[in-house]
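User: I want to learn how to read a few features of this model. Please take them in turn.

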Amino acid sequence: MRNGIENIKSVYFVGAGGIGMSALVRYFLSKGIFVAGYDRTPSELTECLISEGAQIHYEENVDLIPEVCKEKDSTLVVLTPAVPQEHAELVYFRNNGFEIQKRAQVLGTITHSSKGLCVAGTHGKTTTSTMAAHLLHQSHIGCTAFLGGISKNYGTNLLLSQTSPYTVIEADEFDRSFHWLSPYMSVITATDPDHLDIYGTAEAYLKSFEHYTTLIQPGGVLIIRKGISLQPQVQPGVKVYTYSRDEGDFHAENIRIGNGEIYIDFVGPEVCIKDIQLGVPVSINIENGVAAMALAYLNGVTEEEIRQGMASFRGVDRRFDFKIKNDRIVFLSDYAHHPSEIKQSVMSMRELYRDKKITAIFQPHLYTRTRDFYKDFADSLSLLDEVILVDIYPAREQPIPGVTSRLIYDNLRPGIEKSMCKKEEILDVLKTKDIEVLITLGAGDIENYVPAIAKELNTKD
């Protein structure tokens, strides 16, 4: 940064309420720095940030920027790529010569002097990084962590340590953000193409991950999921390990799934930890857990600390987030918004609830993603018994002619129970359904309907 973080008196966030941005808001508040910002809509997260000391408003209006944040030489402006370039407040800062940085740039600077333990990948990175952070935090090693979800163990997406040299970071490939990082160790969970509105082609997306592997520091480690289509280009002196559920340098053995519980043995080079219980017993967490345990083990977390940490892990908001779980009905919300994430989510549910009817409400996220992957979405959703589709959540995008949820609807397998509705009609639709297992899927505002859905399901006979 132009003047270094130590010379900053105020930080202004354009898009303060995003999950990644809010961790930085909390970080600067913890340093006693004045923090303010804009977000488009109020949310539970922005209200939490305000109660923690941030000044946040919801109107795009330069006059609402606090005076202290208009002092160019002592203010850092942080923006999220989700905010349009013509945003009035952003234009003001740009025209007046303020230091403006992307979230990932700031994260790169903050973590440059620590040992960055980074988790990258199309999917699985939030759970894996949060799991790794929990394993380290509850051990004698400790860590600071910038997470891409709210940890249910800690009720926050930021963990702070004054003594640990390690920082756990969710490394986001959107807008090539992870190229600002310089990891000491990294996990790469998956490289299924995504964000083609940014990258253009699957090849360019893969190249971006290749470049990311060159950033791992000599003496460090890459832990890569076995079988993904990525040829790492690591520097000399970087060790490469593979992992997966069943094979690789790190893997699980003696997997026991039953009665709503999962136990595994964790196996790696020169290590075998028996009878590890998964605190969140869904089968995808076997693989996520192997990666997180490998990262923790390689950085000195003891075998007993790993066993305790995995059992006490409570998960992440909106990642296999059980809202109702009894003999009569199961309801959970999941952030899955990519076809391969949805496939993993549904397959995990099938393993847990073999004899039950599984219904999903899916809100597609982004017009471009729907355009690029509607057949893949249909294939993944076709693993369900019933699909209820709502309209596309646009986020940062304008509509694309001909791109609607019907593209997915029309490609679902013959014979599947299917329907379409507006999100405002979800509760009325559910009144007519006999639900056994229900899952809401998507990264948009479908989450806002979850409490009301849970209430409706609880009132059913």
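Analyst: Start with accessibility: buried means under 20% relative accessible area, exposed over 50%, and partly exposed in between, with a 1.4 Å probe and protein chains only. Two points on sources come before the cases. This is a predicted model, where local features need pLDDT of at least 70, side-chain atom pairs count only at pLDDT 80 or more, and totals for chains, interfaces and linings use all residues. Residues are numbered from 1 along each chain as its sequence is written, and side-chain values use heavy atoms, leaving out hydrogens and water.

User: Is threonine 302 buried, exposed or partly exposed?

Analyst: Threonine 302 has a relative accessible area of 34%, so it is partly exposed. It belongs to the loop between α8 and α9 (303-312). Helices are DSSP runs of H or I, at least four residues, numbered from the N terminus. Leucine 136 is 166 residues from threonine 302 in sequence, yet their C-alpha atoms are 9.8 Å apart.

User: Where is serine 380 found, and which residues is it in contact with?

Analyst: Serine 380 is in helix α11 (residues 367-381). At 6% relative accessible area, it is buried. Contact means heavy atoms within 4.5 Å. Setting aside neighbours within four places in sequence, serine 380 touches Pro339, Ile342, Lys343 and Val346.

User: How do I read aromatic pairs, and how many does the structure hold?

Analyst: Rings of Phe, Tyr and Trp (its six-membered ring) pair if their centres lie within 6.5 Å; planes under 30 degrees apart are stacked, over 60 edge-to-face, the rest tilted. The structure holds 13 such pairs. One joins tyrosine 92 and phenylalanine 93: the centres are 5.3 Å apart and the planes at 65 degrees, so it is edge-to-face. Phenylalanine 93 is buried, at 0% relative accessible area. Tyr12, Tyr92, Phe93 and Phe98 make up one aromatic cluster.

User: Which charge lies over the face of tyrosine 92?

Analyst: The rule is that NZ of Lys or CZ of Arg is within 6 Å of the ring centre and within 35 degrees of the ring normal. Lysine 70 lies over tyrosine 92, at 5.8 Å from the ring centre. Elsewhere, the charged end of lysine 325 sits over the ring of phenylalanine 322, 4.5 Å from its centre.

User: Which helix gives the most to the lining of the second largest pocket?

Analyst: α10 does, with 7 residues. α8 (284-298), α10 (339-352) and α11 each supply at least two.
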